[in-house]
Amino acid sequence: QGSTAVLFPAGSPKIAASAEDMLHGFAAKRGNAAVAVTGYGEAASDSPDAQSAAMALALARAQAIAAVLAGSGVPASAMVLDAQAAGRGGAVRLVN
């Protein structure tokens, strides 16, 4: 199964309201499958400072997605979080 994008305002770790609704629906349909959660950090360049800042944003986004999923009944043990400096927003996908 492919990834589903999770929208965030540019440069922000706060999930867009529409994305929260999508995540609630995603959680309801997951069954017993594990969920891979990825946050992306919008790295502006490959300099160490830019990469570090991007990783912090990416991790905060992954944690924000996980918090919404947990609030929708997905146990932490069923989630695998990842953070990547490059890319925008976040993503979720089911892992069988």
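Mentor: Start with the contacts of Leu-69. Beyond its neighbours within four places in sequence, Leu-69 touches Leu-23, Phe-26, Ala-27, Val-35, Val-37, Val-74, Met-79 and Val-92. Keep in mind that this is a predicted model.

The largest nonpolar core holds 22 residues. Leu-69 is among those with the most contacts inside this core, along with Val-6, Ile-15, Leu-23, Val-35, Ile-65 and Val-92. Four elements, H1, E2, helix H2 (48–71) and E4, each supply at least two residues of the core. H2 gives the most, with six residues.

Next, the strands. E2 and E4 run antiparallel and are joined by six bridges. Val-37 stands opposite Val-92 in E4. Both of these valines are also on the contact list of Leu-69. E4 (residues 90–95) has another pairing, with strand E1 (residues 4–6). That pairing is antiparallel too, over three bridges. Within it, Ala-5 has Ala-91 of E4 as its bridge partner.

Stay on E2 and look at Thr-38. Thr-38 lies in this strand. Is Thr-38 buried or exposed? Its relative accessibility is 13%, so Thr-38 counts as buried, because the cut-off for buried is under 20%. What is Thr-38 in contact with, leaving aside its neighbours within four places in sequence? The list is Ala-62, Ile-65, Asp-82, Gln-84, Gly-90 and Ala-91. Two names there have come up before. Ile-65 is one of the core residues with the most contacts. Ala-91 is the bridge partner of Ala-5.

Now look at the loops on either side of E2. Gly-31 sits in the loop between helix H1 (17–29) and strand E2 (34–40). Gly-31 has a relative accessible area of 49%, so it is partly exposed; exposed would need over 50%. In sequence, Gly-31 and Val-74 are 43 residues apart. In space, their C-alpha atoms are 9.5 Å apart. Val-74 is also in contact with Leu-69.

The other loop runs between E2 and H2, and Glu-42 is found there. Glu-42 is not a glycine, yet its phi is positive, about 55°. Its relative accessibility is 22%, so Glu-42 counts as partly exposed.

Thr-38 in E2 is buried.

Technical notes:
Residues numbered from 1 in each chain as written. Predicted model: local features only at pLDDT ≥ 70, side-chain atom pairs only at ≥ 80, totals over all residues. Heavy atoms only, no water. Buried < 20%, exposed > 50% of the residue type's maximum accessible area, 1.4 Å probe, protein only. Pairing = 2+ DSSP bridges. Core = buried A, V, L, I, M, F, W, Y, C linked by side-chain atoms within 4.5 Å. Contact = heavy atoms within 4.5 Å.
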